[in-house]
Amino acid sequence: MVKKKVLVTGGAGFIGGNYVQYMVNKYPDYDIYNLDLLTYAGDLTKHRDIETNENYYFVKEDIIDRESIMSLFENEKFDYVVHFAAESHVDRSITDPGIFVQTNIMGTQVLLDASKQIGVSKFVHVSTDEVYGELDFNPKTFFTEETPLQPNSPYSASKASSDLLVRSYHETYDLPINITRCSNNYGPYHFPEKLIPLTISRVLNEEKVPVYGDGKNIRDWLHVNDHCAAIDLVLHEGVNGEVYNVGGHNERTNLEVVKTIVNTLNKSADLIEFVSDRLGHDKRYAIDPTKLEQLGWKPKYTFETGIAHTIQWYLDNKNWWEQIITGEYQSYFEKQYSF
Ligand code: NAD
Ligand code: DAU
């Protein structure tokens, strides 16, 4: 039997990294190719346990490099592409939007052209609920797949643009695609610039935790393993051309999230520091996942079980995040925050 070849872009990052491990372990009869540029957000130490597996391959490449991507696709003839590679941090997009346009829009177009050229069986584009903009605080309003795209940050605008490109390659060239739009992920290997790992790492070091504005903005949190299972399902069962929202109804204010972490670690709430708000800070995100549930997906984690698991993981894996929060990360942190 000929093995299926799956190209995972951004597989050295947070979600792509968890997804690569999930796929390598679940499908020994698939060859999993992890393509990543290894930007500040990518690292391969997370793959020590799988790097010698026969079904795992790593390719260091920039998705913007059209010539190299085209020849890689011609040589390898991938069956499936699961596209995570992106600039992913909203705050960085506010300070420096250009690279978001390059990677998230131009890079996606290169991958679409290469996928079309060799005729892949499925291109799954991993997008975000942020493309829908923001919701008000009415707990009965949710993002559905029909919600109009109204992105507010340069990050979400670049993701929305890439979603539209992916859609257009389906409509124009009949490229078999799915788009997934997931809520906020958390879990192992989450880069400590994002709220949850930033809070855990700083609380463990008895350092102040910056909360933007009044801390009342709401996010809908999903454990990364549940996101990986959702993408697996969409890759194999997703109806060609369809969009699927991913989320588990775990809405929390930012202050609730930070307080949960502080309390779990038995530290003082004095560590919480309210700082200037993020520009254009979206009030609330909340996903209606009915369409994906009808396809057969159900999350395994509640926020309570997921955050407990995640805090324990950061306690057990200090060596991973401690080597990140030095050097380049320190200068980023000092520029971003005033303490
Ligand atoms: P991340 O920043 O942790 O990882 C991104 C990865 O992409 C890194 O390994 C980086 O090296 C790689 N990369 C960046 N530019 C590249 C390029 N030009 N060529 C090749 N590789 C490149 O991101 P994440 O949080 O894991 O998010 C992954 C994807 O999921 C993104 O597309 C993001 O928009 C989407 N998403 C994220 C969340 C979330 O909560 N983090 C939620 C929904 C959707
Ligand atoms: O909704 C999905 C999105 O979730 C993904 O598409 C993005 O890639 C991912 O980064 C995430 O975006 P957010 O902006 O929601 O995540 P972040 O962790 O940066 O912030 C979560 C909330 O916490 C947000 O309301 C801003 C707030 N926050 C964040 C940081 C970094 C703070 O209050 N203080 C902080 O220092």
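H249 lies in the loop between β10 (243-246) and β11 (251-253), where helices (H or I, at least four residues) and strands (E, at least two) are DSSP runs numbered from the N terminus. The phi of H249 is near 55°, a positive value in a residue other than glycine. Most residues other than glycine have a negative phi. H249 counts as partly exposed because its relative accessibility is 44%; buried means under 20% relative accessible area, exposed over 50%, and partly exposed in between (1.4 Å probe, protein chains only). The model is predicted, with local features requiring pLDDT of at least 70 and side-chain atom pairs pLDDT 80 or more, whereas totals for chains, interfaces and linings use all residues. Residues are numbered from 1 along each chain as its sequence is written, chains are lettered from A and ligands numbered from 1 in the order in which they are written, and side-chain values use heavy atoms, with hydrogens and water left out.

A positive phi, near 50°, is also found at K77, a residue other than glycine. K77 belongs to the loop between α2 (66-76) and β4 (80-83). With a relative accessibility of 45%, K77 is likewise partly exposed.

Helix α5 (residues 154-173) consists of 20 residues and spans 28 Å from its first C-alpha to its last, close to the expected 28 Å; the expected span is 1.5 Å times one less than the number of residues. Among the buried residues of α5 are Y155, D163, V166, Y169 and H170. The cover over the buried residues of α5 includes α3 (90-95), α4 (98-118), β5 (122-128) and β6 (177-182), contact being heavy atoms within 4.5 Å. After α5 comes D174, with a positive phi near 65°.

An oxygen atom of ligand 2 is 2.5 Å from a side-chain N or O atom of D129. For T128, the distance from a side-chain N or O atom to an oxygen atom of ligand 2 is 2.7 Å, and for Y337 the corresponding value is 2.7 Å. Taken alone, ligand 2 exposes 690 Å², of which the protein buries 95% (Shrake-Rupley method, 1.4 Å probe).

Conventions:
A polar contact is a pair of N or O atoms within 3.5 Å; within protein, one must be able to donate a hydrogen and the other to accept it, and residues adjacent in sequence count only if both atoms are side-chain atoms.
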